[in-house]
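Dear colleague,

Please find below the structure that I am handing over to you.

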Amino acid sequence: MPGNTLYIVVPCYNEEAVLPETAHRLGEKLRALMNAGKISPQSRAMFVNDGSKDKTWAIIEGLHQSDSLFCGVDLSRNRGHQNALLAGLMTARDRADMVVSMDADLQDDVDAVDAMVDKYLEGVDIVYGVRSSRKTDTFFKRTTAEAFYRMMDALGAETVFNHADYRLMSRRALDGLAQFTEVNLFLRGIVPMIGYRTDVVEYQRGERFAGESKYPLKKMIAFALEGVTSLSVKPLRMITGLGFLVFFVSLVMIIYNVVRWATGNTVTGWASIACSVWLIGGLILLALGVIGEYLGKLYMESKDRPRFLIREVLDGGDGGSD
């Protein structure tokens, strides 16, 4: 039977409004699982402070001092959700047999952890939390979210439909994740690359308990572009295909104009010429932009900078970097 020490990793950025309630619910869940004999008494909830500007870290310190069930990781500065999540996963890796990652806003159903643990005890290495429906979302949110997953798949980035970052990973899976050393992180696409035995648990996503969403539309678009350019070269191949298409159309237009000239018909209409110039110019700029995204990522990867720096760990361990 696999080990049963569970850590729940929760990235936090300016979460002072929701953190006390999150800690309360996670504490109840951990104690219930301990009483049922499914997890060991060494299990913990680990909050990762991603350079918050409010009292988030002070609350985490208070939780740790009042109850050893809670531990914390304080990053040296804000590094973004994905890096903060990775910092928590890598810190918990040597302390736990299985790690569940979830957001602090309580939209992820805490009760789904029971089913995740059950599947882990059956031998599953990665259990994805998948939304059973999007009935609570607005039409715009539902449409754009589903378009996001379909676009990712179409562009060659393998993801799990309607899955965010609510998942359970075994220590073996986390050891596999540690071997992915890229700076440009998109965990929703990297985790499926690990392999091993996987399964899903469906749950109903609730409303945010308090505070504001940390992912407005602008950040969601940037997140999608990050995912596509980090996991797939298909956009570059699309540019190549578009180049061949434009070249073929140009040959057809050259033949067309030569035939009209040979038959004594002059080509009229500057509007069509102007439109063609703007179209080709736009396509060139778009192609340069996409290529620039990939070059920028190569530039950042070549520097081999640490993905995060840990200032302090409240769990009896030492801080570090990765």
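**Salt bridges and buried residues**

Both arginine 188 and aspartate 165 are buried, where buried means under 20% relative accessible area, exposed means over 50%, and partly exposed lies in between (1.4 Å probe, protein chains only). Their side chains meet in a salt bridge, at 3.6 Å from N to O; the term denotes a side-chain nitrogen of Lys or Arg within 4 Å of a carboxyl oxygen of Asp or Glu. Arginine 188 belongs to helix α7 (residues 187-194) and aspartate 165 to strand β6, so this pair ties together parts that are 23 residues apart in sequence.

Please note that this is a predicted model, in which local features need pLDDT of at least 70 and side-chain atom pairs count only at pLDDT 80 or more, while totals for chains, interfaces and linings use all residues. Residues are numbered from 1 along each chain as its sequence is written, and side-chain values use heavy atoms, with hydrogens and water left out.

The count of salt bridges comes to 12. One of them joins aspartate 118 and lysine 38 at 3.0 Å, N to O. Aspartate 118 sits in helix α4 (residues 112-121) and lysine 38 in the loop between α1 (19-35) and β2 (44-49), 80 residues apart. Aspartate 118 counts as partly exposed because its relative accessibility is 28%, and lysine 38 counts as partly exposed at 24%.

Aspartate 97 and arginine 171 form a further salt bridge, with the closest N and O atoms 3.8 Å apart. Aspartate 97 is in the loop between α3 (81-93) and β4 (98-101) and arginine 171 is in helix α6 (residues 171-178), so the pair connects parts that are 74 residues apart in sequence. Arginine 171 is partly exposed, at a relative accessible area of 34%.

**Aromatic pairs**

A search of the whole structure finds two aromatic pairs; rings of Phe, Tyr and Trp (its six-membered ring) pair if their centres lie within 6.5 Å, and planes under 30 degrees apart count as stacked, over 60 as edge-to-face and the rest as tilted. Tyrosine 166 and tyrosine 203 form an edge-to-face pair, 5.2 Å centre to centre with 90° between the planes. The pair links distant parts of the chain, with tyrosine 166 in strand β6 (residues 163-170) and tyrosine 203 in strand β7 (residues 198-203), 37 residues apart. Tyrosine 166 and tyrosine 203 are both buried.

**Surface patch**

Leu242, Leu245, Phe248, Val249, Val252, Met253 and Tyr256 form a nonpolar patch on the surface, with about 640 Å² of accessible area together. Patches are made of residues with over 30% relative accessible area and no salt bridge, like charges being joined within 9 Å and nonpolar side chains (Val, Leu, Ile, Met, Phe, Trp, Tyr) within 5 Å. Accessible areas come from the Shrake-Rupley method with a 1.4 Å probe; for residues, only the protein chains shown count as cover. Valine 249 is placed in helix α9 (residues 234-262) and is partly exposed, with a relative accessible area of 42%.

**The chain as a whole**

The chain has 10 helices and eight strands; helices (H or I, at least four residues) and strands (E, at least two) are DSSP runs, numbered from the N terminus. Of its 322 residues, 42% count as buried. The average pLDDT is 79, and 74% of the residues score at least 70, pLDDT being the predictor's confidence in each residue, from 0 to 100.

Yours sincerely
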